[in-house]
Amino acid sequence: MERRSFLKKASVGAAAGAMAAPALAQSLPALNWRMASSFPKTLDTVFGASETFCKRVAQLTGGKFNIRLFAGGEIVPALQVMDAVQNGTIEMGHTASYYYFGKDPSFAFDCAVPFGMNSRQQTAWFDQGGGMQLMREFFKDYGIVNFQGGNSGSQMGGWFRKEIKGVSDLQGLKMRIGGYGGRVMQRLGLVPQQIAAGDIYPSLEKGTIDAAEWIGPYDDEKLGLYKVAPHYYAPGWWEPSTQFSFYVGIKEWEKLPKEYQYAIEVASYEAHVTMQAEYDAKNPAALARLLRNGVKLHYFSKDIMEACYKAANEVNEEEASKNAKFKKIYEPWKRFRQDQNQWFSVAEATMQNFMVTRR
């Protein structure tokens with residue numbers, strides 16, 4: 001569905017609802033759905049997007065359409081949200097699509113691709129560059145309608161027990177790394193581990209893993225990762241932005257009145273925009289606190305970045321050569337990324353590079 005067309009309809013519907021709420025309430029059915037999140041309540045920014053969504057759906061429907069939210073592991077294991085929506089156990093989920101890259105690496109385009117696009121570019125691709133249509137077609141095979149459900153922006157490169165100076169230091173390293181980025185790291189000798197947020201700290205503390213990445217300063221501080229791994233790296237090249245998603249089962253979606261479908265569209269987009277704003281507002285102070293607590297901030301060396309970039313391109317091209325679904329999304333995505341980077345180099349990057357030298 002077209003974003004602008006839908007927003008126009010939603011605005012008209014909202015105005016009509018404000019003038020004639022009793023009539024609206026009488027004409028629409030009372031519905032109660034359940035949504036499972038992949039995230040714990042303690043991560044108030046990413047989990048908060050689901051709370052924002054559920055609250056807005058209820059408000060936009062005069063309290064007739066209510067969605068009960070469950071944190072990761074409460075009714076569905078954190079990394080099995082998609083499966084639960086697909087098989088009809090729950091009507092909705094809030095998750096990161098790259099968790100399911102083992103089913104098909106194409107899921108990564110709905111979330112984060114190594115050396116992919118930043119948050120604004122990803123949203124532009126999804127809204128205006130054909131990304132939504134491509135991903136909706138892909139998700140149809142899984143019985144799911146997907147919606148943008150927030151973005152973290154560029155992520156950090158994670159927490160390491162020991163300093164990482166060169167590519168050789170990645171050999172044999174056991175690291176919690178989400179999604180498709182793990183496959184790229186594996187090519188460089190790292191041993192990727194996919195672990196839910198709530199299990200990262202104990203795994204790092206016990207030495208089950210040697211390093212871990214999550215999102216960025218605000219969430220990482222909440223998880224306490226700095227207490228067991230003092231070396232904090234940037235950038236998280238495997239997630240130059242991370243788009244989260246709301247999933248709705250197609251069968252349930254098709255049963256909904258149009259007004260409720262519009263409410264889901266509006267609420268998901270509000271949650272999407274709000275999450276990025278919250279991370280941008282909260283990360284600077286969180287990073288400052290971490291540094292005061294003795295965290296050692298590092299940047300991946302040029303050699304590591306170049307090796308990872310080469311490996312990422314190789315992995316993408318190899319996947320495209322054998323996976324028709326991946327190639328169908330990858331080719332237009334790659335062209336859009338190139339155009340975006342050329343444009344951003346003209347104004348955005350030059351302005352930002354100048355400003356970071358000013359105090």
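## Lining of the largest pocket

The lining of the largest pocket divides into 18 nonpolar, 15 polar and four charged residues. In this count Ala, Val, Leu, Ile, Met, Phe, Trp, Tyr, Cys and Pro are nonpolar, Asp, Glu, Lys and Arg are charged, and the others, Gly among them, are polar. The model is a predicted one, in which local features need pLDDT of at least 70 and side-chain atom pairs count only at pLDDT 80 or more, while totals for chains, interfaces and linings use all residues. Residues are numbered from 1 along each chain as its sequence is written, and side-chain values use heavy atoms, with hydrogens and water left out.

The volume of the largest pocket is about 1,400 Å³. Its lining consists of 37 residues, and Asn118, Ser154, Pro235, Pro240 and Gln352 lie nearest the centre. Two or more lining residues come from each of helix H5 (119–128), helix H11 (258–292), strand S11 (296–299), helix H12 (302–322), helix H13 (324–346) and helix H14 (348–355). H11 provides the largest share, six residues. Helices (H or I, at least four residues) and strands (E, at least two) are DSSP runs, numbered from the N terminus. A pocket is an open set of points on a 1 Å grid over the protein atoms alone, with protein on both sides within 12 Å along at least five of seven lines; a cavity is a set of points where a 1.4 Å probe fits but cannot get out, and lining residues have an atom within 4 Å of a point. Grid points are joined across faces, edges and corners, and a volume is the space filled by probe spheres set on the points.

## Cavities

Searching the whole structure gives three cavities of 30 Å³ or more. The largest cavity has a volume of about 50 Å³. Residues lining the largest cavity include Ala108, Phe109, Cys111, Gln122, Pro240 and Trp333. The lining of the largest cavity divides into eight nonpolar, three polar and no charged residues.

## The loop between S4 and S5

Ser154 is in the loop between S4 and S5. Gln155 lies in the loop between strand S4 (144–151) and strand S5 (158–160). Ser154 is exposed because its relative accessibility is 57%, whereas Gln155 is buried because its relative accessible area is 3%. The cut-offs are under 20% relative accessible area for buried and over 50% for exposed, with partly exposed in between (1.4 Å probe, protein chains only).

Leaving aside neighbours within four places in sequence, Ser154 is in contact (heavy atoms within 4.5 Å) with Glu239, Pro240 and Ser241. The C-alpha atoms of Ser154 and Gly236 are separated by 7.0 Å, and these two residues are 82 apart along the chain. With residues up to four places away in sequence not counted, Gln155 touches Glu213, Trp214, Ile215, Pro235, Gly236, Glu239 and Thr242.

## Nonpolar core

The largest nonpolar core has 105 residues, and Phe53, Ile67, Phe109, Trp125 and Trp214 have the most contacts inside it. H11 gives the most to this core, with seven residues. Such a core is a set of buried Ala, Val, Leu, Ile, Met, Phe, Trp, Tyr and Cys residues joined through side-chain atoms within 4.5 Å.

## Salt bridges

The structure holds 20 salt bridges, each being a side-chain nitrogen of Lys or Arg within 4 Å of a carboxyl oxygen of Asp or Glu. In the pair Arg120 and Glu348, the closest N and O atoms are 3.0 Å apart. This pair links distant parts of the chain, with Arg120 in helix H5 and Glu348 in helix H14, 228 residues apart. Arg120 is exposed, with a relative accessible area of 51%, and Glu348 counts as partly exposed at 29%.

Glu252 forms a salt bridge with Lys255, with the closest N and O atoms 3.4 Å apart. These two residues are separated by about one helical turn because they are three residues apart in helix H10 (residues 250–255). Glu252 is partly exposed at 25%, and Lys255 is exposed at 60% relative accessibility. In the salt bridge between Lys334 and Glu331 the closest N and O atoms are 3.9 Å apart. Lys334 and Glu331 are three residues apart in helix H13, so about one helical turn separates them. Lys334 is partly exposed, with a relative accessible area of 24%, and Glu331 is partly exposed, with a relative accessible area of 24%. Elsewhere, salt bridges that share partners join Asp44, Lys222, Glu278 and Lys282 into one network.
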